[in-house]
Amino acid sequence: NANQRLVQVMPSLVRHLHAFAREVNLTVAEWTAAVEFINECGKMSDDRRNETQLLCDIVGLESLVDGITSKMLATSNSETPSAILGPFYRQDAPLLPNGSSIIRNLSPSVPWHEQAVADSAFLTGRVLSSCGAPIKKAIVDVWHAAPNGLYEQQDESQPDMNFRGRFETDADGRYALYALRPVPYPIPDDGPAGRLLGLLDRHPYRPGHIHFIVSATGFRPLTTQLYDDRDEYIAKDAVFAVKDELVIRFAPREGDPNARWSLEYDFVLGRV
Ligand code: DHB
Ligand code: FE
C-alpha cells in the first residue's frame, strides 16, 4: 500500500539533500547540530506556538508552497493573490454586523490607546467573482495584531478575540468594518528560529499586515494579507510573504469620529 505521491517526490527530496551536503561539505558535527535544532523546534511546538512552521517561514518555504498551490488551483488570472496563513489564525471569530468594529477594547486604560485612535481605520470593499460579479453572503474573516505587536492569544492583557471578526457581504457583495492600521512587529524570536535569525544577522520583523480568509459557496476560499505601503519593512519581510498586488495605501478619512484612515479593497475569488 505504497503512497504514490511519496514514491514520486521522495527521490527528488533525497537527491537535493545529498547535493546540498556535497556542495557545502557538511560534516557529522554540523549534521548533528541540525538534527538537534530541528528536535528543539519540534519539542517547543504546540497549539499556541508552531516553531517548526516558523523555521520553514524564515527560509521562505511556506510562502513558496502557498504560491505554488494557488497557481495550481487558479482558474483565472484576475483572482486576488493568496498569502500565507501564518501561525495566529483562530477559528470561530465572532460573526459581526457589517460596519461594526473588531476592536474589543478601546478604553483609555489600554497602554496603546492613543496609537489605536491615531491608527483607527475603516475597511470596505466588495467580494467579486473573476468576471466581476459581486458575491453576496461571502464571509470575510479578518484578524490583525494589536499596536503592541502582539496577537490576542499571545497577550494576556487583551480580551478574547480582540482584533478578530467575520463579516458577511451584503447584496452588493460589500463588506465594511472598523479595524486598525497595522504596525510592523517581530515574529516570535525567543526560540530556535529566532536564534537562527540572529546567527544569520537577520531581523525578525514582518511589515504591518491585515490577514483575511474570504470564502463563499461555489468559490475557492482565499487566504491572504494586505500590507501598508508606508511600512519600513515592506521590502524586507522576515517570512517573504509580500506580493505587489497586496500592497495597499490607507487614505485619510474625514468626518468619521471612529476612523482616521480608510481603505477600499476588492477581493476576487476563483470558482471551485
Ligand atoms: C508569521 C506570519 C504572520 O502573519 C505573523 O503574524 C507572524 C509570523 C510566520 O510566517 O511565521
Ligand atoms: Fe500575521
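Salt bridges come to 15 in this predicted model, counting a side-chain nitrogen of Lys or Arg within 4 Å of a carboxyl oxygen of Asp or Glu. Local features need pLDDT of at least 70 and side-chain atom pairs pLDDT 80 or more, while totals for chains, interfaces and linings use all residues. Residues are numbered from 1 along each chain as written, chains are lettered from A and ligands numbered from 1 in written order, and side-chain values use heavy atoms, leaving out hydrogens and water.

**Salt bridges**
- Arg 49 pairs with Glu 51, closest N and O atoms 2.9 Å apart, and also with Asp 190 at 2.7 Å, N to O.
- Arg 49 sits in the loop between helix H2 (28-43) and helix H3 (51-58) and Asp 190 in the loop between strand S5 (185-186) and helix H6 (192-199), so this pair ties together parts 141 residues apart in sequence; helices (H or I, at least four residues) and strands (E, at least two) are DSSP runs numbered from the N terminus.
- Glu 51 is buried at 0% relative accessible area and Arg 49 is buried at 16%, whereas Asp 190 is exposed at 64% (buried is under 20%, exposed over 50%, partly exposed in between, with a 1.4 Å probe and protein chains only).
- Asp 237 and Arg 206 bridge at 2.8 Å between their closest N and O atoms, and both are buried.
- Arg 90, Glu 152, Asp 160 and Arg 164 join up in a salt-bridge network.

**Iron site**
- Tyr 151 (OH), His 209 (NE2) and His 211 (NE2) coordinate the iron ion (ligand 2) at 2.0 to 2.1 Å; donors are N, O and S atoms within 2.8 Å of the metal (3.2 Å for Na, K and Ca), and with water not among the atoms, sites may look incomplete.
- Along the chain, the iron donors are spaced Y-x57-H-x1-H.
- His 209 is buried at 2%, and His 211 is buried at 4%.

**Ligand 1**
- Ligand 1 has 14 residues around it, the closest being Leu 54, Asp 57, Tyr 185, Arg 206 and His 211 (a heavy atom within 4 Å).
- An oxygen atom of ligand 1 is 2.9 Å from a side-chain N or O atom of Arg 206, and a polar side-chain atom of His 209 is 3.2 Å from a ligand 1 oxygen.
- The protein covers 100% of the 290 Å² of accessible area that ligand 1 has on its own (Shrake-Rupley method, 1.4 Å probe; for residues, only the protein chains shown count as cover).

**Helix H4**
- Met 72 belongs to helix H4 (residues 61-73) and is exposed at 65%.

Note on methods
A polar contact is a pair of N or O atoms within 3.5 Å; within protein, one must be able to donate a hydrogen and the other to accept it, and residues adjacent in sequence count only if both atoms are side-chain atoms.
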